[in-house]
Amino acid sequence: KNSIYGVTDSLISPILMLIATPVFFSYLGVEGYAIWVLVNSVIASLAIFNLGGSEVAIKFVSSSRNKGSKDSAGEIFSTIFLFQSIIVLIIYVLFLTVAPIAIQIITSDNLLTMVSILYIAIPIFFVKQSEEMLYAFFKGYEQFGQMVIISTISKILFFSTQIFIAISTESVINVFYGALIVSILLFFLQAVYIKRIHKSNISFSKANIKTAKSLLNFSAWNGLASLTTMLRSQSDKWLVSGLLGLKAFGFYSIGILVFNQLYNIVGSSVYWVFPEISKEAFDKKHLARKYWKLLFFVCIVSLIISFTLIKFNFLFQLWLGEEFFQNSKYYINTFLLLFPVFSLSIISSLYLLGLGLVKYEFFVNAVTFFAKVITIWAVIDVFKVEDWVMFFLLFIVVEFIAYAIIISKKLSIKFTYLISFLLLQVVIVFARI
């Protein structure tokens, strides 16, 4: 049931992006779409400063429920919310200080447009992070059904507004203005709704030093893990746009968009186990059995998705149109080919977070980030490899091995079994080329 809720919620964004992407291409142009993607990448990168607030809220709200402490859940939510608000305020003040200087130095029209958009985009980031905190509270109480309903409504209105403004004005800046207005309205409506549902369980005014200290160890390491996760997930966008230019990046971003949405769908189908892992942390044998079940589930689902979409890739042509599809076809097909191997690390990441082993999550992400940057830089700039996306397989393998070393030590799972499972998936990839 919870898996269905997770998949349902994760399907909304891909569906809306299916509608939005060709509209943005047509009305904003390839470079306008690339700017939209890069600004959203910058916004996503700001999440490094919230110390993984949503994950912290889910873990500790779930724990407080088991202890029967309503006040504790309210204090946790309020403390994290206040911390995030202060951090975003500091970021925005720094940006307002630096931006006027940057505008005097920058000569590129595209970069000037991006700086102008960031005046609007940073407040959007704060509102969306606050919205995620509301969803985290529902997840901590395992009320996935209610979370899916309000999340779906929010996403539909958020994307619909941007699509409408793109068609009406053909301006990427105006798209972000519309996104800011609708985000603020939606957050206040959702905050009122969750307050009526939980009343004394949730609060915006119970922040205190004692609660902050109790969260500090987990949230500090979780913040570092979030930092490296962001660097790992966003670094390719910065590198590709810088090395190949905005136009090439625009087509590359289609491939990465397809991959990210599919990855989120598969991840959401198992994300419901996060609170359960936290509650069952002492039963390692049970967690080991569940780990294998979830790993096989993710493997089978991702393989089915990969085979199906490559087989019926004419659907992408219908979606993008002939010209845009031909320019992005290589990226789409390659990411679909690698998708099953990419997805293997989903379960390990969930386990480390659920068990509170965020220190290890940080180390894995750090190793993967450096492997990814070196790989992309080498294949594009140094060796100028034509089929360069296939080399992503290198840092994917590095990531899974790093996870396997930790998981084999923390659970009753043999390292050799995990590596054998990885090798099987790699062999399948090469067999399909």
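Trainee: Why is the pair Glu131 and Lys128 called a salt bridge?

Mentor: The term requires a side-chain nitrogen of Lys or Arg within 4 Å of a carboxyl oxygen of Asp or Glu, and because the closest N and O atoms of Glu131 and Lys128 are 2.7 Å apart, the pair meets that limit. This is a predicted model, in which local features need pLDDT of at least 70 and side-chain atom pairs count only at pLDDT 80 or more, while totals for chains, interfaces and linings use all residues. Residues are numbered from 1 along each chain as its sequence is written, and side-chain values use heavy atoms, with hydrogens and water left out.

Trainee: How many salt bridges does the rule give, and which parts does the pair of Lys372 and Asp236 tie together?

Mentor: The count comes to four. One of them joins the side chains of Lys372 and Asp236 at 3.3 Å, N to O, and because Lys372 belongs to helix 14 and Asp236 to helix 7, this pair ties together parts that are 136 residues apart in sequence. Lys372 has a relative accessibility of 7% and is therefore buried, and Asp236, at 1%, is buried as well.

Trainee: How do you know that the ends of helix 4 are placed as its length predicts?

Mentor: The expected span is 1.5 Å times one less than the number of residues, so the 32 residues of helix 4 (109–140) should span 46 Å, and the end C-alpha atoms, 45 Å apart, agree with that.

Trainee: What is meant by the kink in helix 4, and where does it lie?

Mentor: The bend at a residue is the angle between axes fitted to the seven residues ending there and the seven starting there; at Tyr119, shortly before the proline Pro123, the kink is about 40°.

Trainee: What makes the approach of Ser108 to Asn110 a polar contact?

Mentor: A polar contact is a pair of N or O atoms within 3.5 Å, where, within protein, one must be able to donate a hydrogen and the other to accept it, and residues adjacent in sequence count only if both atoms are side-chain atoms. At the start of helix 4, a side-chain oxygen of Ser108 comes to within 3.4 Å of the backbone nitrogen of Asn110, so the distance lies inside the limit.

Trainee: Why is Leu243 called partly exposed, and which residues make the nonpolar patch?

Mentor: The relative accessible area of Leu243 is 34%, so Leu243 is partly exposed. The patch, of about 480 Å², is made by Leu243, Leu244, Trp377, Val382 and Phe383; patch residues need over 30% relative accessible area and no salt bridge, with nonpolar side chains (Val, Leu, Ile, Met, Phe, Trp, Tyr) joined within 5 Å and like charges within 9 Å. The areas come from the Shrake-Rupley method with a 1.4 Å probe, and for residues only the protein chains shown count as cover.

Key:
Buried < 20%, exposed > 50% of the residue type's maximum accessible area, 1.4 Å probe, protein only. Helix = DSSP H or I, 4+ residues; strand = E, 2+ residues; numbered from the N terminus.
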